[in-house]
Amino acid sequence: MAHSYQIVVIGAGAAGYLAAVRAAQRGLRTVLVEKNRKPAVKILMSGGTRCNLTQATDRRGIVAAFGPQGRFLHSALALLGPEELVALFEAEGVPTKVEATGKVFPVSNRAVDVAAALGRMLEQSGAELRLGEAVIDLARHESGFSILTTRNSLLATKVIITSGGQSYPGCGTTGDGYAWAKAFGHRIVPPRPALVPLQSDVHWVAELRGVTVPDVEVKIHERNAAKPAAQRRGSFLFTHFGLSGPVVMDVSRAVTERPDAGRWLAVCDFLPDRSEAQLVEQLLREAADSGKRTVAAVVAEWLPKRLAEALVEQAGLPTDRRVAELTKAERTLLVQALKQTAIPIRGSLGFKKAEVTAGGVDLAEVDSRTMQSKLLPGLFLAGEILDLDGPIGGYNFQAAFSTGWLAGESV
């Protein structure tokens with residue numbers, strides 16, 4: 001015998017939790033169905049297991065961060081903006097803090113506290129939670145929808161799909177919702193990894209694995225293109241496979257948008273606070289004041305020692321060359337290495353290591369005022385299943401929480 005509900009929410013992540021909480025708070029018989037044995041898996045591993053809830057900005061700041069897609073978020077953010085989201089968690093016993101980057105984290109630095117708070121909200125709302133129950137089939141029914149899971153048959157008046165995208169498939173986000181949405185007539189913008197580390201085969205890059213630089217400007221260029229496809233500034237990390245860190249992940253979308261990723265270059269400015277002219281002047285001053293010092297020793301005052309030595313070598317200079325011995329041409333080469341090192345990019349680490357999915361259900365087919373499908377009344381979509389991806393820094397969680405809350409308010 002099928003179990004009947006007014007609302008079935010599929011996927012217990014950020015969007016699914018708040019959709020179920022809000023629907024149940026409004027007195028609707030609601031169930032949240034999750035295929036994993038543990039809910040909120042992606043929340044638990046996000047932000048290095050600290051969970052970056054949102055960004056310390058206002059609604060306009062969130063909208064702007066998403067670019068053209070941001071307009072879709074106006075209604076959702078009007079209902080649950082960054083301040084309201086923080087208040088929601090603080091009321092549930094999760095005090096937050098703002099870090100220098102504007103990222104909002106729990107004071108405890110524990111994503112598990114965020115997940116536990118969501119669990120308490122759900123319990124208090126009266127919604128039911130079914131774990132370890134994968135949805136096998138979702139179909140239109142005469143009175144709404146029929147949902148077949150690995151354990152039960154469910155009937156629902158309305159359904160909210162919050163099953164996520166394809167990033168971190170180990171969390172269970174394997175793109176199941178795309179097939180259901182497509183079966184109901186929705187166009188799926190081809191999913192691709194976003195906020196993902198980039199691969200490079202350059203030997204000296206691999207040798208620098210573990211080296212972090214707190215402030216680097218990275219421009220992603222197609223070879224021979226004058227204008228960058230993406231440009232960001234932030235923390236940068238060398239790895240055994242290539243490049244990572246927030247700034248690299250922020251520009252990665254430009255690479256994954258195009259399958260011919262082998263043609264990309266990451267042009268790195270390792271000293272973005274100083275102009276080329278200022279660096280030349282500093283080198284001349286060093287030559288006059290302490291010309292016996294090596295070039296590598298001087299650059300190591302500005303950047304990590306291993307990176308300093310590598311960039312001196314990239315400029316074609318021996319690391320023991322003294323500053324006073326530099327010719328004008330060599331100074332130019334050194335400054336170019338510091339400000340314009342181009343690292344060939346082979347591709348990305350793919351969905352397996354992507355924090356977010358770009359692409360998904362076409363936003364033009366979803367009513368941004370309610371999160372209801374424009375093609376099928378009673379079907380709602382929220383969170384990462386939508387073609388909606390923003391930069392690193394809590395923006396994507398904010399969008400998921402807000403669209404989920406609006407869906408729960410609108411069903």
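Visitor: Before we start, what does "buried" mean here?
Guide: Buried means under 20% relative accessible area. Keep in mind that this is a predicted model.

Visitor: Thanks! So are Glu 384 and Lys 42 buried or exposed?
Guide: Both Glu 384 and Lys 42 are buried. Their side chains meet in a salt bridge, at 2.6 Å from N to O.

Visitor: Where do those two sit in the chain?
Guide: Glu 384 is in the loop between strand E21 (379-381) and H14, while Lys 42 is in helix H2 (residues 41-49). The pair links distant parts of the chain, 342 residues apart.

Visitor: And how many salt bridges are there?
Guide: The count comes to 28. One of them joins the side chains of Arg 22 and Glu 409, again at 2.6 Å. Arg 22 belongs to helix H1 (residues 14-25) and Glu 409 to helix H14, so this pair ties together parts 387 residues apart in sequence.

Visitor: Why does Arg 22 count as buried?
Guide: Because its relative accessible area is 19%, and the cut-off for buried is under 20%. Glu 409, at 28%, counts as partly exposed.

Visitor: Switching to packing: at what angle do H5 and H14 meet?
Guide: Helix H5 (residues 82-91) and helix H14 (residues 395-410) pack at about 85 degrees, their axes 11 Å apart. That makes H5 roughly perpendicular to H14.

Visitor: Which residues make the contact?
Guide: H5 brings Pro 82, Leu 85, Leu 88 and Phe 89, and H14 brings Gln 398, Phe 401 and Trp 405. They divide into 6 nonpolar, 1 polar and no charged.

Methods:
Residues are numbered from 1 along each chain as its sequence is written. This is a predicted model: local features need pLDDT of at least 70, side-chain atom pairs count only at pLDDT 80 or more; totals for chains, interfaces and linings use all residues. Side-chain values use heavy atoms; hydrogens and water are left out. Axes are lines fitted to C-alpha atoms, for helices over the stretch in contact, and angles run from 0 to 180 degrees between N-to-C directions. Helices (H or I, at least four residues) and strands (E, at least two) are DSSP runs, numbered from the N terminus. Angles under 35 degrees count as roughly parallel, over 145 as roughly antiparallel, 65 to 115 as roughly perpendicular and the rest as oblique. Contact means heavy atoms within 4.5 Å. Ala, Val, Leu, Ile, Met, Phe, Trp, Tyr, Cys and Pro count as nonpolar, Asp, Glu, Lys and Arg as charged, and the others, Gly among them, as polar. A salt bridge is a side-chain nitrogen of Lys or Arg within 4 Å of a carboxyl oxygen of Asp or Glu. Buried means under 20% relative accessible area, exposed over 50%, partly exposed in between (1.4 Å probe, protein chains only).
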